[in-house]
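Here's a walk through a two-chain model, written for someone who likes cut-offs spelled out. Have the coordinates open and follow along.

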Amino acid sequence: MTITQAAATRTVDLVRERVGAGLVAATQPHADTLRLQVDKRSVRAAAGTLADELGARFMITTGIDRRELDGGFGIVHLFSLDREHLFVLLDCAVAADDEHIDSITPVVPGANWAEREFRDSVGVHPEGHPDPRRLLLADDWPDGVWPLRRDVPYNLQPPPAEGMRPPLREPPAGASVVTMGPFFPVLEEPSQWRLFVEGETIVGCDYRGFYNHRGIEKLGEAVLTYNEIPYLAERICGICGFIHSTCYCQAVEKAAGIEVPRRARFIRTIMLEMERVHSHLLWLGIAGHIVGFDTVLMQTWRIREPLMWLSEEISGNRKTYGMNTIGGLRRDIPPDLASKTLNVLAEVERESLAVRDAIVGDGTLMARTKDVGVLTNQTARSVCVVGPPARASGVPIDARVDHPYAAYDEVAVRIAVHQEGDTWARVLVRVEELLESIRLIREALAAMPEGPVLAEIRDEIPPGRVGVSVVEAPRGEAVHMVETGGDNRPYRWRVRAPTYPNLQAMPAMITGAAIADVPITLGSLDPCFSCTERVEAVDVASGCVRVYSRADLLRISRGAGAKP
Amino acid sequence: MLLAKLREAWICLKAGRVTLPYPFAPHDPAEGFRGKITLDPDLCFGCGGCANVCPAGVIVVKDTDQHTRLLEFFWRRCTYCGRCEEVCPEDAITLSQQFETATNAPEDMFMRLEVFMGPCQRCGRCFTPPTPLERMMRTGFRDGNGGRA
Ligand code: SF4
Ligand code: SF4
């Protein structure tokens, strides 16, 4: 019996012992996925058992509108037993006439946002949630319109509602408020932090985000088909596009039982690691930029550029490679490009080492990041932080090792772990990972077998199957969950990007810090909101929407004092 | 510390000038680059395969009368994924090397093709040839809603 199987048996036994008849059924749709159907009244006890007694890490919750299937909603909490390579789904049915479920946030703090999100999107209320404010919906979105319910059309534009703005948190007595964002100089993406300060010292904060919510999951379920979604998934993130398309494809492949050719799995590994190399170089530059050390920015981005050109040659585009499809890949890596890859990597490695030696010896970056934004091991675990921030706080998790996908079962990853938990440790973890990724690409290129890169799919993808897939993105673990449906598209497609859990650790990281340390602390999470290049302004008084063209924007920004 | 500063200076100096002269000199993308879609009207026979796979809903197919199938490409929404090129049985669509597509007039990014079709004698609808195309087609096309703009 494998470790995974033993863990599955133990989990079922323990949960049954704790919640008794509250455990309705236990099935194992895949070797690495355990699905526990739990009565909704037992969900908190079951989640507590998983998190506290079995050490499971909370990943994400999916709210599913299953009214057309069984007359109710489904709330699926997803946990991971990392050491045992097992995903555990806690699946609770919620009747359509009683849209309430116990919140698990009191026992699993990392579930905070996830629960507010399913309340906002499918309208099932988490009872006993410590902070039940609106999270995801816009300030003028009316109450009672739940966008991820299946009877709500994807292009619904309800009239703007009044008074839906969630209340802002009151600062503690004696503290004043300094607002950072939604737009602020260091990160070119919107998020708002209201910092509560006493003098220069931060004593608390409040976060508002989701300014760029694009309704991607809804589009995937309502408009696109299985093979169109990879191109949308790729656009979830501008830096780790290949990661999301791989993660989505793997989830569908797992759900449908499609065997991906071995060569395709190796090429996916290579492209994923290439994304990590260029993303970490990009991040290093931004970190330098945030602390005012722009030489690092210029040089790391220069080093990164040949990789982007190489990606263009391999895939046809420097970003958004468009290579993934269900069952494998659309493009192969020909031998001449494989050898070119090795040359480019040799150069990137040499230059990265030079930059590493320079910044480590220089001390400027270290002086600005050492002991800044400390994330303790305990917080990292309770908020369920992932990726480099977790590994820099001594939590040795990495999806490539814990839930091997693509070719990571054949090319072994050495993960970088540091204990200090400060921003400098996160710099070091990323630099080490960058070099490790270069080694992995070399190894994968050497071990890559010949053969086809795309499996032929003859049968339709059967409905009602579930697939969970993770990919270790440069920022941490990305999770996609797919429940297959009819009509050639998923019934539910759930995406969780790594910044989702990581941002929730920010309050703990900046409490006690100085205001000047906030940007680099936030930057050290390598956060990825999303960006949009077109401005759409709503005149609050008249409610009319006006889209500014490039010429308008130029006129407004150039003309001194000109009014829009 | 000083040594590290010197190292940094050396890294910068050695790199020299890296900025490309583009746009004052042309900058050709690598072979296999996915640029603007081009359409060979002589090859297209109106199967609609491209419209069925396009993730961005760029391609809209309508039968305007018994003999004519209208293909409209609202390619300002094109994601340059190349799926249309991949499935076209006649290689009528290719993704060119052209990437300088910025324009102030969105209507520039539109193509329209009328294909003469043989109508079926019995039902009067445009004739749909069997196999490989059948595999590509779902029943019925999406409503022409202007490329879902
Ligand atoms: S390249 Fe992709 S997005 Fe553009 S028209 Fe073809 S299928 Fe549609
Ligand atoms: S797939 Fe090719 S032949 Fe068929 S309609 Fe499109 S362009 Fe024409």
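## Chain B in outline

In chain B, take the contacts (heavy atoms within 4.5 Å) with a separation of 6 or more: 73% of them are between residues 24 or more positions apart. The chain has four helices and five strands, where helices (H or I, at least four residues) and strands (E, at least two) are DSSP runs numbered from the N terminus. Along the sequence, the pattern of chain B reads α-β-α-β-β-α-β-β-α. Of its 149 residues, 40% count as buried; buried means under 20% relative accessible area, exposed means over 50%, and partly exposed is in between, with a 1.4 Å probe and protein chains only. Chain B exposes about 9,200 Å², with carbon and sulfur atoms supplying 56% of that; accessible areas come from the Shrake-Rupley method with a 1.4 Å probe, and for residues only the protein chains shown count as cover.

A word on ground rules: this is a predicted model, so local features need pLDDT of at least 70 and side-chain atom pairs count only at pLDDT 80 or more, while totals for chains, interfaces and linings use all residues. Residues are numbered from 1 along each chain as its sequence is written, chains are lettered from A and ligands numbered from 1 in the order in which they are written, and side-chain values use heavy atoms, with hydrogens and water left out.

## The E2-E3-E5 sheet

Chain B has an open, antiparallel sheet of three strands in the order E2-E3-E5. Strands E2 (59–65) and E5 (111–116) are at the edges with a single partner strand each, so one side of each has no neighbour in the sheet. On average, neighbouring strands here are turned by 20° against each other, direction ignored; the axes behind that angle are lines fitted to C-alpha atoms (for helices, over the stretch in contact), and angles run from 0 to 180 degrees between N-to-C directions.

E2(B) and strand E3 (residues 68–73) of chain B run antiparallel and are joined by six bridges; two strands pair if DSSP finds at least two bridges between them. A hairpin of two residues connects E2(B) to E3(B).

Because B:Glu72 is in E3 and B:Lys62 in E2 of chain B, the pair ties together parts 10 residues apart in sequence. B:Glu72 counts as buried at 11% relative accessibility, whereas B:Lys62 is partly exposed at 33%.

## A patch across two chains

Which residues make the nonpolar surface patch of about 350 Å²? They are A:Trp309, B:Leu20, B:Tyr22 and B:Phe99. Patches are made of residues with over 30% relative accessible area and no salt bridge; like charges are joined within 9 Å, and nonpolar side chains (Val, Leu, Ile, Met, Phe, Trp, Tyr) within 5 Å.

B:Leu20 is in the loop between helix H1 (2–15) and strand E1 (37–39) of chain B and is partly exposed, at 37% relative accessible area. B:Pro23 belongs to the loop between H1 and E1 as well, and a cis peptide bond with omega of about 10° joins B:Tyr22 to B:Pro23. For context, most peptide bonds are trans.

## Over in chain A

A:Leu310, in helix H9 (residues 294–315) of chain A, is buried, with a relative accessibility of 1%. Not counting residues up to four places away in sequence, A:Leu310 touches A:Met274, A:Lys340, A:Thr341 and A:Val344.

Two residues of chain A have a positive phi without being glycine. A:Asp371, with phi near 60°, is in the loop between helix H11 (364–369) and helix H12 (377–382) and counts as exposed at 62%.

Definitions and conventions
A salt bridge is a side-chain nitrogen of Lys or Arg within 4 Å of a carboxyl oxygen of Asp or Glu.
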